[in-house]
Structures are given as structure tokens and as C-alpha cells.
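Here is a short briefing on one protein model. Keep the sequence and the structure in view while reading.

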Amino acid sequence: MKVTAANLTEKEYLLPGNRTCPGCALALAYRHILKALEGQVIVTVPPSCLTVLHGMYPVTSVAIPCVNTPFASTAASASGLVAGLKALGKRGLTVLAIAGDGGTHDIGLQALSAAAERQTDFIYICYDNEAYMNTGNQRSGSTPLGAISGTTPILGKQQNQKDITAIMEAHNIPYIATANASHPLDLYEKVKKARAIQGTRFIHVFIPCPPGWGFSFKDTIKIGKLATETGWVILYEIENGVFRLTAASQSIAQRGSLKSLREYIQGQGRFKNITEEQIAELQRWVDARWKRCMARAGNSYSE
């Protein structure tokens, strides 16, 4: 049965009272991730905004066990947890590694790649707020072209993002998906599906960040939805090599038109110094990726 707001479980694992910013999309995403796993999970996290959310020992607002690990070793920590549970003969628990874009695209990529090559049995979720937000909004491999950051403060970043899902697909793992905190039920369904699959599963979750991106705390959902409507974020899953658009992206494909990327860019302070040439380059980048995804999705959608 497809999950809706009416039949979503009322059981909560992310409890009231945490140290995230107002309008934090990570808290919204994490709430639905834990619901999908029904609390039967051990989480491992590196230094990140999620560490802040969990709080300082011995006080936490999260009702599941969590292991803190160094920045580069999230997937290695998850691999150790998988081995430990196996040695103890404990079944029914999902190991979840969850890290930001800095801890995934950059610092933690080697451990993640090694675990994926081994097909280690855990879910890895990258929550992507497109910079190192927990330590001052430094540029990451996921920071967009033209975006101002703590380390690109004047001209903005001069390169496009890494395509982390393409990197993970190259490892031939059984399940890859993208998600958006502004579409939480789609995220819930994907985590629930990933839970039932063996091997390394990877989910990339788009996380709008009000203070880091320079938009009002009240506009988190609006910015996230605009990201999907403009094609900046494409919602899909790849299960055993089969590509499928999902949720809002599937609807947009059926409708046949994306909104202009300018609508997404203009509401964010981090793009205040972006040039017209950079906007045009980003639009070309988005259009080319959308065209590739449409081709992969088959002939059921019109361009």
C-alpha cells in the first residue's frame, strides 16, 4: 500500500527538542527516514549537522542508537557494525550510514567506494546541503557553480557539482535513489524499499539549508520543491540497473516542461554574485541531465 499523510505511521523516533536551525530540512528528512526503518536501525554519522541534531552525550532527542565516527570513515564504521552484528548473530537490524555531502562526495568517498565494491550490506544516505554547513559553509564537491561559500566568498565556486549517484552507479550496487526533503513521502518509500534489499544501497537526499543558502527559514519547502520543478533535483531510483522516475519528477515528465532554473536561483543569497554566463551554463547542465534521464526513462514521456 502506498504511503500517504493519512496512513503514515504515527510512531516517532525523532523526538521534540533538538539543536538544528529553524526550517532545517535535515530534521524533516531524518524523521521520515527513521519512520521507514521502524526504529530497527543502528546509525553511524561523522561530524556533521546530524551530529548536532543528535545532541551531546548523554542527552539526545533521537530514540535509536548512534555511533559517532571520524569524518572520513562513515562507511568503514558501517562495515564494522555489519560485521559485528553478524558475529553476534543478531538479525533484523538495518545499519544506516548517513553523512553530508562533504563527508560523502569528498572526505568519505574512499571508504564508501570500498564498501560498495565489497557489496557490504548497509544503507548509505548522503544528505546534501551543498557545502560543509556544520563548519562554516565551506565549498564541497556538491557546491553549485556560482554559489558563494566560506571558501569562495567573492566570485563563487567555479566548477559544477560531482554527480555522486553516477559514481555510485558505477559500483553496480543493487539500489540507488535520489530524494528531496520537500517530498518526504517519496523519501519514506525509497528508504522502506532499500531496507528490504541486500548489499550496499545508496540514497542521495537533497537538503535545502536556509542559513547557508541565504533564504528565509519559512521557505525551506518552497525552495526544495522549486529545485525539483526546475530539474535541479531529479527524483528517480535505479533498482538492479532499471531506471525509473518517481513522484514529482515523474509528473513533470508526463507534463513535459520544467520551470526556468532562474526561478530557483533568484531566491537564494548564495547566488547574489552569479553571472548571466554562469546561469546559462547551469541551465545547459540541468537541461542536458534532464534529457539523459528522460531517455533512460523510456518513450512513455514526451520532451
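Is the crossing of α1 and α7 left-handed or right-handed? The crossing of α1 and α7 is right-handed. A crossing is called left-handed if the near helix is turned anticlockwise from the far one by less than a right angle, and right-handed if clockwise.

This is a predicted model; local features need pLDDT of at least 70, side-chain atom pairs count only at pLDDT 80 or more, and totals for chains, interfaces and linings use all residues. Residues are numbered from 1 along each chain as its sequence is written, and side-chain values use heavy atoms, with hydrogens and water left out.

**Helices α1 and α7**

- α1 and α7 pack at an angle of about 35°, with their axes 8 Å apart. Axes are lines fitted to C-alpha atoms, for helices over the stretch in contact, and angles run from 0 to 180 degrees between N-to-C directions.
- From α1, the residues A29, H32, I33, K35 and A36 take part; from α7, they meet P184, L185, L187, Y188, V191, K192 and R195. Contact means heavy atoms within 4.5 Å.
- The residues of this contact divide into eight nonpolar, one polar and three charged. Ala, Val, Leu, Ile, Met, Phe, Trp, Tyr, Cys and Pro count as nonpolar; Asp, Glu, Lys and Arg count as charged; the others, Gly among them, count as polar.
- Helix α7 covers residues 184–195, 12 residues in total. Its first and last C-alpha atoms are 16 Å apart, close to the 16 Å expected at 1.5 Å a residue. The expected span is 1.5 Å times one less than the number of residues.
- Helices (H or I, at least four residues) and strands (E, at least two) are DSSP runs, numbered from the N terminus.
- P184, D186, L187, Y188, K190, V191 and A194 are the buried residues of α7. Buried means under 20% relative accessible area, exposed over 50%, and partly exposed in between (1.4 Å probe, protein chains only).
- These buried residues pack against α1 (25–36), β4 (123–128), β5, β6 (201–206), β7 and α10 (247–255).

**The sheet**

- Eight strands form an open sheet in the order β2-β1-β3-β4-β6-β5-β7-β8, with mixed pairing. The edge strands are β2 and β8, each pairing on one side only. Neighbouring strands of this sheet are turned by 20° against each other on average, direction ignored.
- Two strands pair if DSSP finds at least two bridges between them.
- β5 and β6 pair in the parallel sense over six bridges. T178 stands opposite H204 in β6.
- β5 (residues 175–180) pairs with β7 (residues 236–239) in the antiparallel sense, over three bridges. A177 has E237 in β7 as its bridge partner.
- β7 and β8 (residues 242–245) run antiparallel and are joined by four bridges. E237 has R244 in β8 as its bridge partner.
- β7 and β8 form a hairpin with two residues between them. In the turn, N240 has a positive phi of about 50°.

**I125 in strand β4**

- I125 lies in strand β4. I125 counts as buried because its relative accessibility is 0%.
- Leaving aside neighbours within four places in sequence, I125 is in contact with I33, L96, A97, I98, A99, V191, I203 and V205.
- I125 and G100 are 25 residues apart in sequence and 8.4 Å apart in space, C-alpha to C-alpha.

**Loops and backbone geometry**

- Most residues other than glycine have a negative phi, and most peptide bonds are trans.
- E38 has a phi near 55°, a positive value in a residue other than glycine. E38 is found in the loop between α1 and β1 (41–45). With 47% relative accessibility, E38 counts as partly exposed.
- N137 also has a positive phi, near 65°. N137 lies in the loop between β4 and α6. N137 counts as buried, at 17% relative accessibility.
- Y57 and P58 are joined by a cis peptide bond, with omega about 10°. P58 is in the loop between α2 (49–54) and β2 (66–68).
- T135 is placed in the loop between β4 and α6 (164–169). Its relative accessible area of 49% makes T135 partly exposed.
- T135 and C49 are 86 residues apart in sequence and 8.9 Å apart in space, C-alpha to C-alpha.
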